[in-house]
Amino acid sequence: MFEDDGVGKAITQRIAALVAADGEWRDNLWRVGTLGALEECLSLAGSGASLARKQYVISTARRVTEQDPAITGKRRGQILGSLPKKADAFSLGSSSYFIMKHEVESVRVDYFDLWESHIESIDESEDPKKTRVDINSIAGYIAAALRTYGFSDRWIAKTCSYYLNHSSGRSSLRALIGKASEVFTNGAGIYTYLIPLIRRAAFDYRSGPPWLSKEEFSVRFAEYFPEIEPPDHVGGLVLQITALEKHSAYDLFVRELSSAAMRSRIGAGKRTPDFSDTYWVDPGDKCEMQITSADTPRLMVRSLDSEGGKHLLQPLTPELEAAVDLLGSSDGTSSRAACITSWAMVETLFADSTDFGSLADIADRAADLLTCMYVTDLLLGLANGHLRAAHDEFSHKLSSATPGQRFAFTVEHLAIGGELMAGEEQGTVALQEAKRLVSNSRYVHTLRNEFSESLRRLYDARNQIVHAGILEPYAMHTTLLVASKLLAAILDEAIRSSFYSEEPTALLAAKCRWLLNRIEGGTDLAVLGSFRGSASG
């Protein structure tokens, strides 16, 4: 485990929080890393994307690369130099495409080494409360890279937990990066899943793999598990999944089972694969395992379960009812279908009759709302934490203030160099993030762009599925994972707002744009204290 509560431990804790399945939306990872941004550029060359979309993604890749703390000097210049100069000339087979392809392949090979070199320059034992190291930024770039390499969120969280809580040796951030590099270098492996069928369901020799007859399944089971008595069965399925690690393999396995169940359901025939809720996997623990859900986005719209649960039973406004239906239908369906219905929710809440031909721009409206939500919740969370933990003049001032006033007081307090009792682990990161927002108004604009980018990726995936016939757009599952968290947060805010106001969500987003315009014009960040209006009183 870590021997001290230094920067290395704080970054590892932050990485774990960014990928936590049950974490708050504002603590989860929505940023894209350098490798992901570069690979996204390559993917657009053959996607049929518009010129505007290509230029937007290229610009994003440039910004993300420029801010990557592990890529500096000539290496950064080389990567930036490989980005297409003209988006209209960037297509499959073009010279600019091949130049960038070589560079991206080089980055994929070198990126772990770049991070290990950067971490060597950091004093991992330094006090996180005094450091100038940007904990949130480093954790975000590392977590995003691990996702891009093919690691599941579950693997990332469990590996962080191992080094934080269970390792018998001395833990370090560098050891974590080294472990991920080792797994990636070893390459993807084949995971073989055996699922017994409990009813024959009219499958026969014409069905072919992955279905196996009773005799074939028994033989295959004995090949993989010679010391285990085969379970009762009338045949079975054998699925072979190629993945970097077992948690990613399991998620792919569950998706294949779900697809088979969906096909048999709409096939309306007599062949329904009736399998038990258990499986065996090699390599694995050589024992019967229980089938659970894949590592899919968990939608949390807590406002529906407020006020005694009445909103679970009573109708909302028409736009919110439609939004709940659309986002709710994405839970439990295929990623392709979920991309389409999730984006439809965005249109339902934010689009108007003038948006035809520029629907991607409505992601900016959702991003305006998310930015105000994020900044407000971050600073109010710190203010409330200080109020509970401290007994000083500032906590006394906070105790008699409304939420909107607390926000403004906290901005003013941090602006003059005041400190807050933020608690350990994520409190330190939150305070560092809040100080950055207060001292640099341009960071608010950066946040807004990052939120917009996340939702524009959802729109692009939806377009590729619906209009270009692309079966699996680049990083589709990660795009949906990120967007689902953000959209659930938007819906939660919209429903809570409806308790106090009859204004539509689009009008709330317009208010957010007005407030952000004021900040960009030089107004103090404290102006966001009025974001929630009477709901903050």
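**Close-up 1. Charged side chains over aromatic rings.** The charged end of K397 is placed over the ring of F409, at 4.4 Å from the ring centre, where a charge sits over a ring if NZ of Lys or CZ of Arg is within 6 Å of the ring centre and within 35 degrees of the ring normal. R436 likewise lies over the face of Y443, 3.9 Å from the centre of that ring. This is a predicted model, in which local features need pLDDT of at least 70 and side-chain atom pairs count only at pLDDT 80 or more, while totals for chains, interfaces and linings use all residues. Residues are numbered from 1 along each chain as its sequence is written, and side-chain values use heavy atoms, with hydrogens and water left out.

**Close-up 2. The aromatic pair Y162 and Y163.** Rings of Phe, Tyr and Trp (its six-membered ring) pair if their centres lie within 6.5 Å, and planes under 30 degrees apart count as stacked, over 60 as edge-to-face and the rest as tilted; by this rule the count comes to 23 aromatic pairs. The ring centres of Y162 and Y163 are 5.1 Å apart with their planes at 80°, so this pair is edge-to-face. Y163 is buried at 10% relative accessibility, whereas Y162, at 39%, is partly exposed (buried means under 20% relative accessible area, exposed over 50%, partly exposed in between, with a 1.4 Å probe and protein chains only).

**Close-up 3. The aromatic pair W343 and Y459.** This pair is tilted, with 4.6 Å from centre to centre and 40° between the planes of W343 and Y459. W343 is buried, at a relative accessible area of 0%, and Y459 also counts as buried, at 14%.
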